[in-house]
Amino acid sequence: MKCQIVLAALALATICEVGYAGLTPDKLKELKPLIDTCIKQSKVEEDTLGKLHNGHEIPSSQSGKCFIACMAEHMKLMKDGKFEPEMTMEFIDKMVQDKDKAAEIKKALGECIKSVPEGDKCEMAAGLATCMKDHHAELAGMN
């Protein structure tokens with residue numbers, strides 16, 4: 001479940017591993033119906049979810065990338081194929097109880113959001129998750 005969230009925080013990240021960065025079990029439970037919805041919408045493969053969850057591997061398949069985008073859209077972290085930085089920061093404040101950790105995550109996400117070129121929403125969401133993994137893995141719990 002933790003990876004399905006990085007997305008969120010991914011979002012995206014914030015989305016796949018932010019669970020390790022301060023999410024409580026109750027907060028994770030809140031996301032379960034959304035995760036199920038996005039699995040159905042994106043038609044993401046079970047092995048892709050397994051790799052995302054167990055291996056901290058950012059999906060390379062289109063359905064895997066679109067799963068991350070779906071999570072971001074439903075959490076209002078993306079709208080009309082663009083990141084919503086303010087909503088993303090509010091989401092982190094809501095989901096991460098440790099305020100110092102939340103501030104670190106928000107700073108890292110802000111940097112990654114700026115570095116991801118606009119374009120296809122699935123590619124953007126995966127790009128954000130990749131940025132968090134490549135540059136802020138320990139902070140996002142992706143190591």
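1. The side chains of K121 and E73 meet in a salt bridge, at 3.1 Å from N to O, where a salt bridge is taken as a side-chain nitrogen of Lys or Arg within 4 Å of a carboxyl oxygen of Asp or Glu. Because K121 lies in helix α7 and E73 in helix α4, this pair ties together parts of the chain that are 48 residues apart in sequence. Helices here are DSSP runs (H or I, at least four residues), numbered from the N terminus. K121 is partly exposed, with a relative accessible area of 32%, and E73 also counts as partly exposed, at 27% relative accessibility; the class lies between buried, under 20% relative accessible area, and exposed, over 50% (1.4 Å probe, protein chains only).

2. On the basis of the note, the model is a predicted one, in which local features need pLDDT of at least 70 and side-chain atom pairs count only at pLDDT 80 or more, while totals for chains, interfaces and linings use all residues. Residues are numbered from 1 along each chain as its sequence is written, and side-chain values use heavy atoms, with hydrogens and water left out.

3. K65 counts as buried, at 14% relative accessibility, whereas E123 is partly exposed, with a relative accessible area of 38%.

4. D93 and K106 form a further salt bridge, with the closest N and O atoms 2.9 Å apart. The pair links helix α5 (residues 85-95), which holds D93, to helix α6 (residues 99-115), which holds K106, across 13 residues. Both partners are partly exposed: D93 has a relative accessible area of 33%, and K106 one of 23%. A search of the whole structure finds 4 salt bridges, among them the pair of D93 and K106.

5. As for nonpolar packing, the largest nonpolar core has 38 residues, such a core being a set of buried Ala, Val, Leu, Ile, Met, Phe, Trp, Tyr and Cys residues joined through side-chain atoms within 4.5 Å. The residues with the most contacts inside this core are F67, M71, M75, F83, I92, L109 and L128. Helices α2 (25-42), α3 (46-55), α4, α5, α6 and α7 each supply at least two residues of the core, and α7 gives the most, with 8 residues.
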